[in-house]
Amino acid sequence: MSSPVPSESAGQGRTKRLPREKRRQQLLSCALQIFVAKGFHAASMDDIAEAAAVSKPVLYQHFPGKHELFLDLLDTHLGYLRDELTAALSSTDTNKDRVAGTVRAFYEFIAREDKAYRLIFAAGMDHDEEVSDRLDRFHDAMATAIAEVIADDTGQPMAAATMLGHGLIGMATSAARHWSRLSERPDLDTSAQLTARLAWRGISGFPKESTA
């Protein structure tokens, strides 16, 4: 049975009144824990209300249903990951370091935000149309950002550079997810460096084309 959030509890197992935005954030935090622990399909609004120590009417004041609550969480954490990847791309003018930074950002996100990672990739919602659409748009946006750098550096057409961008995102995501599941695994630095080295060997094989 889920327990109430201790810092919010006040009398008879219910939380004290909070400003609307703080209550919303508390509900999202509790929902994240429930979705990760039970998976989307087994989780219920009752579970989330109990974990947050609020009544179901309070929960429904903020979110019309479980699906909408899940999508809100997904949007929030995809936004965090997108910001970290974008920061890695813009942190240096050296493309080798950009590749290393982008790959490392995936590993660091998984290591630091384990619950958010499992919400995005392991909550059993892969076949949900709205979830799939959000994940596709996330991957497309990040692949395009990487492709712009590749196209500028190599002279490749944007369509070809976008394929390479998707390849890099796919490689980093797959390798980092595999790393997270290992019971005995190399440390984060070693794992990120190995993946980045492989990615760079591929991308560096596309030298800038002469325009002369």
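Where pLDDT is low, the predicted coordinates should not be read in detail.

Across the protein, pLDDT averages 85, and 89% of the residues score at least 70.

Now for the interior. A nonpolar core is a set of buried Ala, Val, Leu, Ile, Met, Phe, Trp, Tyr and Cys residues joined through side-chain atoms within 4.5 Å, with buried meaning under 20% relative accessible area (1.4 Å probe, protein chains only). The largest such core has 59 residues, and F35, I48, L59, L69 and F70 have the most contacts inside it. Helix α4 (66-90) gives the most to this core, with 9 residues. Because domain 1 (20-64) and domain 2 (66-202) both contribute residues, the core lies between them; these bounds come from an automatic or database domain assignment. L59 touches L27, M45, I48, A49, V54 and L69, leaving aside residues up to four places away in sequence.

A53 sits in the loop between α2 and α3 (56-62). Its phi is near 60°, a positive value in a residue other than glycine, and A53 is buried at 2% relative accessible area.

Residues are numbered from 1 along each chain as its sequence is written. Local features need pLDDT of at least 70, side-chain atom pairs count only at pLDDT 80 or more, and totals for chains, interfaces and linings use all residues, while side-chain values use heavy atoms, leaving out hydrogens and water.

Conventions: pLDDT = per-residue confidence, 0-100. Buried < 20%, exposed > 50% of the residue type's maximum accessible area, 1.4 Å probe, protein only. Helix = DSSP H or I, 4+ residues; strand = E, 2+ residues; numbered from the N terminus. Contact = heavy atoms within 4.5 Å.
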